[in-house]
Amino acid sequence: MDYYFLDRVPWEHSQSLYHAAAHLGKEVLFILRPATPYVCLGYHQDVEQEIDVEFARTNQIPVFRREVGGGAVYLDSGQLFYQLILSKDHPGVPKNKAEFYKKYLEPVIETYRAFGVSAEYKPVNDIIANGRKVSGNGAAEINDMLILVGNFILDFNYEMMSKVLKVPDEKFRDKVYKSLSENLSTMKRETGSIPETDALANDLYHRYLPLLGEMNVKTNLDPEITAKADELFAEMVDPEWVFGNDHRRLDIRQVKIREGVYVVQNMLKTPGGLVRVTAIHQDGALQDVHLSGDFFFYPADKVPELEQRL
């Protein structure tokens, strides 16, 4: 298989290259990062429900839908991606998705630790440090090829992430920002500095060697992959692809921060009126509950106490 460390690439290639390799049936390990920001949408998501499209347009932030599941995320050069594309028949590939994550995220965890971050695996696809997520990962199967995509979060723009998401109101947005800040961390935050990307990539490459075998180290992209990437990208920025969805709607609005942590909002009709509940749902418990809406409550000044008890 081939290995490419490309560092900064046009944002278009930061997603289309691994799609191209999968469609071509090529086993590849890419390590790269986008030169400019964009928003990446999960395969099953509805753009209009998840992204503030007008904000993205006004701020010239492209929106892209990948062929990998998961949630919407703001991406920029503060995140170094690793993208592993393997044949289903590659020796040693687990058939179970959870085991697949665990096996191929172990080198990532070891690299984090080598650079001073006390990383741990949190099933099914998170890497955490000191209780906070430091790497988001996703897996997919395209054309009989298995894909693992994830990132080293060097630094993160929490404010921009909270702004590009479609939220029902500013109270919800505030909770998204607060929850992101509390539950998502970075290499800079954990260690006080940002490592050189070539050093990170080289360390991860050598840790993958025992699992993947010797790789052809390449510095220039295979023209076949580039051509396929450009072809696929043209299709994947078509509005029909980006804005297509399965039209399902959830009664409860929610934004996933990390495994087990969601910012949620629900509207509830009660005998006293319509209540809007906005909260952080963490590991089975509610935190930071806020109640608002068109309702009567007696005594009125006890609403904060009810929020606290909840």
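How many aromatic pairs does the structure hold? The structure, a predicted model, holds eleven of them, a pair being two rings of Phe, Tyr or Trp (its six-membered ring) with centres within 6.5 Å. Local features need pLDDT of at least 70 and side-chain atom pairs count only at pLDDT 80 or more, whereas totals for chains, interfaces and linings use all residues. Residues are numbered from 1 along each chain as its sequence is written, and side-chain values use heavy atoms, with hydrogens and water left out.

**View A. The aromatic pair of Trp11 and Tyr38.** The two rings are tilted, at 4.9 Å centre to centre and 35° between the planes; planes under 30 degrees apart count as stacked, over 60 as edge-to-face and the rest as tilted. Trp11 belongs to helix 1 (residues 11-24) and Tyr38 to strand 3 (residues 38-41), so the pair ties together parts 27 residues apart in sequence. Helices (H or I, at least four residues) and strands (E, at least two) are DSSP runs, numbered from the N terminus. Both residues are buried, that is, under 20% relative accessible area, with exposed over 50% and partly exposed in between (1.4 Å probe, protein chains only). Ring pairs link Trp11, Tyr38, Phe64 and Phe233 into a cluster.

**View B. The cis peptide bond from Pro123 to Val124.** Omega is near 15° for this bond. Val124 is found in the loop between strand 7 (119-122) and strand 8.

**View C. Positive phi at Gln60 and Asn130.** Gln60, not a glycine, has a phi of about 55° and is exposed, with a relative accessible area of 73%. Asn130, likewise not a glycine, has a phi of about 55° and lies in the loop between strand 8 and strand 9.
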